[in-house]
Amino acid sequence: MSFTPFGRLARRVVGLRYAGWRFSGPEHLPEPAVFLVHHQNLAGPVRAMALLPGEPRLWVLSSFCQRKSCFEQYYRYTLTRRFGWPKGAAWPAAQTLSWMMPAFLRQFQVIPVWRGSMKIRDTLRQSNSALLRGESLLLCPDQDYASGTPEVGALYDGFLHLERPYFKAAGKHLAFIPLFCSQVRKELMAGTPVYLTGERPFSQEKADLTKRITAAMNEMGHRAGDI
């Protein structure tokens with residue numbers, strides 16, 4: 001178990017918002033696994049954290065995990081450039097959020113994602129350690145995370161680098177499980193786990209598996225009637 005007591009309480013409170021929703025998927029899901037959900041401007045990870053079984057470790061952009069960088073993220077980009085707030089209003093809001101958000105995220109033992117930095121190795125190291133302890137991960141690999149549409153677009157594929165260290169240490173392939181949040185069905189849907197096999201060059205398998213994951217997420221969306 002990876003959440004703090006407060007984190008578990010917060011999850012139950014958020015779960016009340018989705019009291020009419022249910023989780024569906026294969027009868028026996030592999031453990032651990034890497035769950036992949038469409039970000040949809042934050043709706044995806046919130047729903048998945050509330051509805052997934054167990055306590056998955058969420059990947060979160062590193063900027064939100066430390067106070068100073070969190071302030072910069074909110075003040076320089078999220079509140080001003082993205083939401084159009086005047087700087088006078090954005091400054092106190094960013095100050096408040098920069099104190100609250102990193103502390104809140106720590107309750108869920110999130111794993112910081114150091115995008116565009118050599119520190120990304122820390123992300124992979126922490127993730128592999130969690131997987132080897134039997135803890136699943138939850139990722140939002142969207143390139144356009146602000147998209148609110150249900151259809152999944154282009155995905156980053158760097159998360160597939162989790163396979164090699166896990167296979168080397170555990171002696172088995174890592175399961176990647178696509179998810180889809182259906183507002184029509186009020187359902188978090190889990191697809192069939194997919195795996196890298198090592199039978200072809202990694203670059204080829206990585207590209208093919210990313211396409212399969214994207215297709216599986218959108219197929220669930222079509223089946224549910226959201227797309």
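## The cavity

The largest cavity holds about 30 Å³ of space. The structure has 1 cavity of 30 Å³ or more. A cavity is a set of points, on a 1 Å grid over the protein atoms alone, where a 1.4 Å probe fits but cannot get out. A volume is the space filled by probe spheres set on the points, which are joined across faces, edges and corners.

Val37, His38, Gln40, Leu179, Phe180 and Cys181 line the largest cavity; lining residues have an atom within 4 Å of a point. By class, this lining has 4 nonpolar, 2 polar and no charged residues. Ala, Val, Leu, Ile, Met, Phe, Trp, Tyr, Cys and Pro count as nonpolar; Asp, Glu, Lys and Arg are charged; the others, Gly among them, are polar.

## Basis of the model

This is a predicted model: local features need pLDDT of at least 70, side-chain atom pairs count only at pLDDT 80 or more, and totals for chains, interfaces and linings use all residues. Residues are numbered from 1 along each chain as its sequence is written, and side-chain values use heavy atoms, with hydrogens and water left out.

The largest pocket has about 1300 Å³ of space. A pocket is an open set of grid points with protein on both sides within 12 Å along at least five of seven lines. Its lining has 42 residues, and His39, Leu42, Trp59, Val60 and Leu61 are the closest to its centre. Helices H1 (5-17), H2 (43-51), H3 (67-82), H4 (87-106) and H5 (120-132) each give two or more residues to this lining, as does strand S3 (57-61). H3 gives the largest share, 5 residues. Helices (H or I, at least four residues) and strands (E, at least two) are DSSP runs, numbered from the N terminus. The lining of the largest pocket has 30 nonpolar, 8 polar and 4 charged residues.

The second largest pocket has a volume of about 280 Å³. It is lined by 13 residues; Glu31, Pro53, Gly54, Glu55 and Ser136 lie nearest its centre. Here the classes are 6 nonpolar, 4 polar and 3 charged.

## A nonpolar surface patch

Phe6, Leu9, Val13 and Phe104 form a nonpolar patch on the surface, with about 370 Å² of accessible area together. Such a patch joins nonpolar side chains (Val, Leu, Ile, Met, Phe, Trp, Tyr) within 5 Å, from residues with over 30% relative accessible area and no salt bridge. Areas come from the Shrake-Rupley method with a 1.4 Å probe; for residues, only the protein chains shown count as cover.

H1 gives the most to the patch, with 3 residues. Phe104 sits in helix H4. Phe104 is partly exposed at 35% relative accessible area. Buried means under 20%, exposed over 50%, and partly exposed in between.

## Salt bridges

Arg57 pairs with Glu135, the closest N and O atoms being 2.8 Å apart. Arg57 is in strand S3 and Glu135 in the loop between H5 and strand S5 (137-139), 78 residues apart. Arg57 is buried at 8%, and Glu135 is buried at 14%. Arg57, Arg133 and Glu135 are linked in a network of salt bridges.

Asp157 and Lys206 form another salt bridge, with closest N and O atoms 4.0 Å apart. Asp157 lies in the loop between S5 and helix H6 (163-170) and Lys206 in helix H7 (residues 202-224), so the pair ties together parts 49 residues apart in sequence.

Key. Patch = residues over 30% accessible without salt bridge, like charges linked within 9 Å, V, L, I, M, F, W, Y side chains within 5 Å. Salt bridge = Lys/Arg side-chain N within 4 Å of Asp/Glu carboxyl O. Buried < 20%, exposed > 50% of the residue type's maximum accessible area, 1.4 Å probe, protein only.
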